[in-house]
Amino acid sequence: MSTQLHAALSRIGTRTAFPRGGMIVRQHEVAVSVLYVERGICRVAHLSANGRESLLALRGAGELIGDFGVLAGRPRTAMVTAVTEVVGLVVPAARFERLAEDEPEVGRELMRRLVLRVEEANTKRVDLGTLPTRQRLARLLLELVTTYGDDVGSLLTQEELGHAIGATRESVVRALRGMREDGLVSTARRTIVVLRRDLLAAESAGS
């Protein structure tokens with residue numbers, strides 16, 4: 001996130017703390033504000049009509065939550081909860097929209113980030129249909145450790161990892177067992193530690 005955008009949001013937002021496990025955004029609610037995350041990790045998930053919850057993404061420091069709903073004038077399409085304590089700037093929708101209109105550089109930055117998010121979603125959609133489970137898991141783990149550090153087990157359960165890559169928990173367990181046997185990771189209860197990022201990167205690339 002650009003320093004300029006952070007400074008602009010600091011002028012119009014209210015610093016707010018959300019406890020670990022707390023609800024930040026409810027699915028289907030009217031988009032009345034945007035959250036700029038300054039510290040902590042957020043979990044973005046979609047709840048289907050049959051009650052199945054699917055992990056969409058993790059968002060951390062420097063990222064925006066809820067900007068799409070505000071700019072598109074649409075209800076929330078996902079729910080967001082705090083994986084850790086989250087501290088950020090809550091910006092009312094009207095002020096956020098005015099900022100995007102009045103400051104062209106900020107508007108371009110917001111548009112660029114929306115485009116990158118769409119590209120990210122499209123890439124993941126293609127991966128779901130073309131890559132084997134272990135390679136999809138390797139890509140997700142590499143993304144997580146690059147952003148949040150080597151221990152990713154405290155962030156997501158094995159079932160949530162499965163939701164994120166379109167696989168069953170059993171498939172994730174088998175893939176992790178193979179990675180452990182090959183020396184890529186170590187696993188224990190609620191712990192998945194990446195031991196060899198280089199090997200994980202090679203696995204992610206299909207090497």
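Which two domains does the domain assignment of the protein give? Domain 1 runs over residues 3–127 and domain 2 over 132–205. Bear in mind while selecting that the model is predicted.

**Domain 1**

Start by colouring residues 3–127, the range assigned to domain 1. Then select residues 18–117, which an unreviewed UniProt entry annotates as "domain: Cyclic nucleotide-binding". This span is 37% strand and 30% helix, and its end C-alpha atoms are 24 Å apart.

Next, show the side chains of arginine 39 and glutamate 85. They form a salt bridge, with an N to O distance of 3.6 Å. The structure as a whole holds 13 salt bridges.

**Domain 2**

Move to residues 132–205, the range assigned to domain 2. For comparison with the record, select residues 131–198, where UniProt, again in an unreviewed entry, places "domain: HTH crp-type".

**Between the domains**

Now display both domains together. Their C-alpha centres are separated by 26 Å. Select the residues in contact: 14 from domain 1 and ten from domain 2. The size of an interface is often given as the accessible area lost when the parts come together. For domain 1 and domain 2 the buried area is about 1,000 Å², with carbon and sulfur atoms giving 55% of it.

How many salt bridges are counted between domain 1 and domain 2? The count is one. To see a salt bridge of arginine 43, show its side chain with that of glutamate 160; the N to O distance is 2.9 Å. Across the interface, three residue pairs are in polar contact.

Finish on the side of domain 1 that touches domain 2. Select strand E5 (53–59) and helix H4 (104–130), each of which supplies at least two residues of that side. Strand E5 gives the most, with five residues. Colour the residues of this side by type: eight are charged, four nonpolar and two polar.

Note on methods
Residues numbered from 1 in each chain as written. Predicted model: local features only at pLDDT ≥ 70, side-chain atom pairs only at ≥ 80, totals over all residues. Heavy atoms only, no water. UniProt positions renumbered as here; feature names shortened; annotations may be inferred. Helix = DSSP H or I, 4+ residues; strand = E, 2+ residues; numbered from the N terminus. Domains from an automatic or database assignment. Contact = heavy atoms within 4.5 Å. Buried area = accessible area lost by both parts, 1.4 Å probe. Salt bridge = Lys/Arg side-chain N within 4 Å of Asp/Glu carboxyl O. Polar contact = N/O pair within 3.5 Å; in protein donor to acceptor, adjacent residues only side chain to side chain. Nonpolar A, V, L, I, M, F, W, Y, C, P; charged D, E, K, R; others polar.
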